[in-house]
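Welcome! Here is a short tour for anyone meeting this structure for the first time.

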Amino acid sequence: MISVLIPTKGRPGFLREALESLRRQTFPRFEAIVVEDGEGEGLEVVAALGDPRLRGLWNRGRGQVEARQTGLAEARGEAVLFLDDDDLLLDPAYLHRVWRVLSREEAVVYGEGVLLLGLEEVPFAPGEVGAWLLRENRLLASGTALPKRTPLALGGLDGGMGDYWDWDLWLRAYRAGLPFRYLRGRGVGVRVHGGNQSYGARGAERASYLERLCAKHGLGPLPLKDHLALAREGLREAQGP
């Protein structure tokens with residue numbers, strides 16, 4: 001079974017769409033663990049849908065990383081997949097594709113997708129993982145999956161990394177020698193909007209977390225980027241001079 005971990009705070013409309021994208025999956029053996037980090041609107045969405053595969057929990061701590069830690073601790077599946085409450089699985093077979101890999105090997109499975117800017121879609125293709133992971137976090141957290149035992153064996157999710165909790169985990173997996181398996185195609189939809197933590201105006205705070213990440217992993221100074229900037233860089237490179 002795959003446990004989908006969804007932290008949520010104050011976005012019930014987006015959360016409902018994320019959960020509906022899960023309910024359209026052709027792979028039946030999943031559970032969605034919605035961890036409420038706000039006033040309870042997310043738990044109301046779960047209750048209203050009435051789907052036994054959806055579970056709503058209160059965050060045992062505070063903040064989105066601790067919400068994911070709560071979900072990880074409660075996960076019943078052999079594998080876990082991360083999904084933000086405002087993102088979507090666009091490919092109905094996405095969970096099936098993830099399971100096809102993780103049922104055979106311990107790996108980090110990540111997907112291709114699109115960034116959703118209102119009615120505009122920006123293609124996002126991170127490519128096969130290589131040494132660039134030490135310079136850029138091209139992996140979309142939403143849609144990335146791995147065996148439940150893997151993050152626990154690597155030391156869990158580090159709340160001190162803030163926005164870069166995911167890059168920190170990918171780096172630990174990469175340096176531990178785990179394979180990364182790339183799912184191509186329009187698999188994941190990531191919304192870019194003013195309320196999105198990764199694309200808002202929190203530059204100074206994000207820069208502080210990036211400094212922590214660099215210090216932890218000995219990466220040296222790195223420029224502050226988000227997935228939208230990386231996607232546009234990729235499009236420019238593909239178009240050539």
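What follows looks at the nonpolar cores, then at one helix and its packing, and then at a pair of helices.

Please keep in mind that this is a predicted model.

Let's start inside. The largest nonpolar core has 39 residues, and helix α4 (residues 94-102) supplies the largest share of this core, six residues. The table sets the two side by side.

| Core | Residues in core | Some members |
|---|---|---|
| Largest nonpolar core | 39 residues | including Ile2, Ile6, Leu19 and Leu22 |

Ile2 is one of the residues with the most contacts inside the largest core. Leaving aside neighbours within four places in sequence, Ile2 is in contact with Phe27, Arg29, Phe30, Glu31, Ala79, Leu81, Leu95, Val98 and Trp99.

Next comes helix α3 (residues 64-74), whose buried residues are Gln64, Val65, Ala67, Arg68, Thr70, Gly71 and Leu72. These buried residues pack against the strands β1 (2-8), β2 (30-36), β3 (54-58) and β4 (79-82), and also against the helices α5 (149-153) and α6.

How do helices α6 and α7 pack, and at what angle? The axes of α6 (residues 165-175) and α7 (residues 203-217) are 11 Å apart, at an angle of about 15°. Because of that angle, α6 is roughly parallel to α7. The crossing of α6 past α7 is right-handed. On the α6 side, Trp167, Asp168, Leu171, Arg172 and Arg175 take part, meeting Leu210, Leu213, Lys216 and His217 of α7. By type, the residues of this contact are four nonpolar, one polar and four charged.

Note on methods: Residues are numbered from 1 along each chain as its sequence is written. This is a predicted model: local features need pLDDT of at least 70, side-chain atom pairs count only at pLDDT 80 or more; totals for chains, interfaces and linings use all residues. Side-chain values use heavy atoms; hydrogens and water are left out. Axes are lines fitted to C-alpha atoms, for helices over the stretch in contact, and angles run from 0 to 180 degrees between N-to-C directions. Helices (H or I, at least four residues) and strands (E, at least two) are DSSP runs, numbered from the N terminus. Angles under 35 degrees count as roughly parallel, over 145 as roughly antiparallel, 65 to 115 as roughly perpendicular and the rest as oblique. A crossing is left-handed if the near helix is turned anticlockwise from the far one by less than a right angle, and right-handed if clockwise. Contact means heavy atoms within 4.5 Å. Ala, Val, Leu, Ile, Met, Phe, Trp, Tyr, Cys and Pro count as nonpolar, Asp, Glu, Lys and Arg as charged, and the others, Gly among them, as polar. A nonpolar core is a set of buried Ala, Val, Leu, Ile, Met, Phe, Trp, Tyr and Cys residues joined through side-chain atoms within 4.5 Å. Buried means under 20% relative accessible area, exposed over 50%, partly exposed in between (1.4 Å probe, protein chains only).
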